[in-house]
Amino acid sequence: MKNSIKVQRAIHDMTQADLAEKIGVSRQTINAMEKNKYVPSTVLSLKIAKLFKKPVEDIFFLEDND
Amino acid sequence: MKTNYLLPHTYKIWGWILLILGVFSGIFLIIIEYETNILTVPVIAIYSDPFIGEAGFFEIIENSILDELASIAIIVGGLIVGFSKEKIEDEFIYKLRKDSLVWAIIFNYFVLIFSIVFIYDLTFFHVLVYNMFTPLLFFIIRFNFLKLKSRSHEE
């Protein structure tokens with residue numbers, strides 16, 4: 001699974017630490033997601049989508065091998 | 001992230017102290033080859049079969065409890081270190097912890113298989129002693145390594 005968290009962060013002018021604090025996770029978690037090393041849970045994905053006021057599908061996308 | 005088996009983060013430092021104390025007294029015991037009279041006290045043995053004398057159930061025997069204390073310190077300290085919350089406990093840390101546990105079990109048994117095949121006689125006794133603690137120690141090392149690795153990849 002891929003995501004556009006980094007792009008969304010840039011649009012909202014947030015650092016990894018800002019986003020981490022807003023959704024209550026560690027900065028490493030944001031970093032791991034942006035590097036596609038960690039697939040977040042449904043709860044976390046929904047929280048991120050809600051914060052950016054976008055549907056989940058606009059932030060997280062399936063890849064061909066998923 | 002809600003988990004029912006993790007201790008509060010403040011316990012972690014006490015876990016480290018206990019673990020380090022245990023490891024150092026363990027190393028001391030290995031150096032003196034477990035021959036010591038320090039802290040010799042009467043203890044209850046469920047079953048005891050000494051080299052000299054009769055075997056028996058539920059006897060009170062004299063024993064140096066330094067090795068017992070060291071073992072318990074390593075195990076309890078290790079459990080506390082491995083299973084207390086991080087400063088920010090979230091689902092990613094939870095995954096790292098689980099992955100480290102799986103890695104530690106598999107790695108430990110590979111090392112044990114290697115030891116069974118290539119280590120014999122009394123030396124194998126030492127392998128058995130170490131193997132009481134290695135799953136926990138490998139887990140702690142792996143977990144902290146993964147945490148460090150995830151921290152070092154900055155933006």
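**Walking through the chains**

Analyst: Reading along the sequence, chain A goes β-α-α-α-α-α-β. Keep in mind that this is a predicted model.

User: OK, so how many helices and strands does chain A have?
Analyst: Chain A has 5 helices and 2 strands.

User: And how compact is chain A?
Analyst: Its radius of gyration is 11 Å, close to the 11 Å that the globule rule gives for 66 residues, so chain A is as compact as a globular protein of that length.

User: What size of box do the C-alpha atoms of chain A fill?
Analyst: Roughly 30 × 25 × 20 Å, if you take it along the principal axes.

User: What percentage of chain A is buried?
Analyst: Of the 66 residues in chain A, 26% are buried.

User: What about contacts in chain A between residues at least 6 apart in sequence: how many join residues at least 24 apart?
Analyst: That share is 54% of those contacts.

User: Switching to chain B. Which domains is it divided into?
Analyst: There are two entries in the domain assignment: domain 1 covers 1-86 and domain 2 covers 90-155 of chain B.

User: How far apart do the C-alpha centres of those domains of chain B lie?
Analyst: They are 20 Å apart.

User: And how many residues are in contact there?
Analyst: In chain B, 10 residues of domain 1 contact 11 residues of domain 2. On the domain 1 side of chain B, the touching residues split into 5 nonpolar, 4 polar and 1 charged.

Key:
Residues numbered from 1 in each chain as written. Chains lettered and ligands numbered in written order. Predicted model: local features only at pLDDT ≥ 70, side-chain atom pairs only at ≥ 80, totals over all residues. Helix = DSSP H or I, 4+ residues; strand = E, 2+ residues; numbered from the N terminus. Rg over C-alpha atoms; globule rule 2.2 N^0.38 Å. Buried ≥ 20, exposed ≤ 12 C-beta atoms within 10 Å, placed from the backbone. Contact = placed C-beta atoms within 7 Å. Domains from an automatic or database assignment. Nonpolar A, V, L, I, M, F, W, Y, C, P; charged D, E, K, R; others polar.
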